Amino acid sequence: MLGAFTGLTALGADAARPQDGPGAAASAETTPRARPVITPTPTPTPTPRPAAWTPAKLTALETPVRELSQLSPAPPPNSIALTLDDGPHPKWTPRILDLLAEEEVHATFFIVGEQVKEHPRITRRIADAGHQICNHTETHPMSIARMPEKKVRREIVDAHDRIADATGVVPRFFRSPGGAWSKTVLELTAENDMLPIDWAVDPRDWARPGVRRIRKALLKGKDGNILLCHDGGGDRFQTLKALEDAIPKLKKRGLTFIAL
Ligand SMILES: [Zn+2]
């Protein structure tokens, strides 16, 4: 995995220095850099990415990332990240994508390999719209934290391959089903060059508690939060309605939605 690791590091360095390019060196003495150089080996970015933030180092974390400030380099102030899990869903994912396009919001999709197999075209639509595509295992096993290494590896690698085949995107972020983490899951996340991602705001939309309650929870979101919602796993009408209302309200507060 060393090759992939180097690629990711280089991508992070490249993203951290948006002003670099031909001619940048000549003006380096007079132009102050916005951010410090992190990695000294610039290579061309192979694939355009929806977001600039890449983990500076991919060692196994002891706990998953819950706030944007834990990423390196950290996103600018007043950023908030919407994450959508368990898709792609043939009915709800396209409707949520329409809403995100209308609101000009980029989100982060933690998708399930088996769903990618069923709906490769919707998976590609997510990626083509500039959203971040991430690994949420192949079959979404809720018991993953108790599973042996071999099975966890299968879940991660199968989803990884399927997503890469369908979209050309190699996922850089992983979320464990139900937020269930174990030492093994965290180690294999790092081994596959991904950061483990949790959330700060959970409206429990999967349980369909009503549009009002989902919206109320989402509106508690603030600077640096990662919001958890679902586009897959069942009827997501309530989620869609809550997002229709909450996204413009959060934007009006000066928050900018970013993809991871
Ligand atoms: Zn899930």
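Which residues are buried in helix H7? I start there, with the ground rules first. I am working on a predicted model, where local features need pLDDT of at least 70, side-chain atom pairs count only at pLDDT 80 or more, and totals for chains, interfaces and linings use all residues. Residue numbers run from 1 along each chain as its sequence is written.

**Entry: H7**

I looked up helix H7 (residues 211-218) and found Ile-214, Arg-215, Ala-217 and Leu-218 buried. Buried takes 20 or more other C-beta atoms within 10 Å of the residue's own, exposed is 12 or fewer, and partly exposed is in between, with C-beta atoms placed from the backbone. Down the axis of H7, the buried residues fall within an arc of 165°, so they line one face of the helix. That arc is taken over the directions from the helix axis to the C-beta atoms. The cover over these buried residues includes strand S6 (226-230) and helix H8 (237-252). My helices (H or I, at least four residues) and strands (E, at least two) are DSSP runs numbered from the N terminus.

**Entry: H5 against H6**

I then checked how H5 and H6 pack: the angle is about 45° and the axes are 10 Å apart. Axes here are lines fitted to C-alpha atoms, for helices over the stretch in contact, and angles run from 0 to 180 degrees between N-to-C directions. H5 and H6 are therefore oblique to each other; under 35 degrees would be roughly parallel, over 145 roughly antiparallel, 65 to 115 roughly perpendicular, and the rest is oblique. On the contact list, Glu-149, Val-152, Arg-153 and Ile-156 of H5 meet Thr-184, Val-185 and Leu-188 of H6. Contact means C-beta atoms, placed from the backbone, within 7 Å.

Most residues other than glycine have a negative phi, and most peptide bonds are trans. I went looking for exceptions. The Ser-72 to Pro-73 peptide bond is cis, with omega near -5°, and Pro-73 sits in the loop between helix H1 (2-16) and strand S1 (79-85). Gly-87 to Pro-88 is also a cis bond, with omega near 0°; Pro-88 is in the loop between S1 and helix H2 (92-102).

For phi, I noted Thr-137 near 75°, a positive value in a residue other than glycine. Thr-137 belongs to the loop between strand S3 (132-135) and helix H5 (149-167), and is buried, with 24 other C-beta atoms within 10 Å. Asp-193 has a positive phi of about 60° without being a glycine. I found Asp-193 in the loop between helix H6 (183-191) and strand S5 (195-196), where it counts as buried with 22 C-beta neighbours inside 10 Å.

Conventions:
Two residues are in contact if their C-beta atoms, placed from the backbone, lie within 7 Å.
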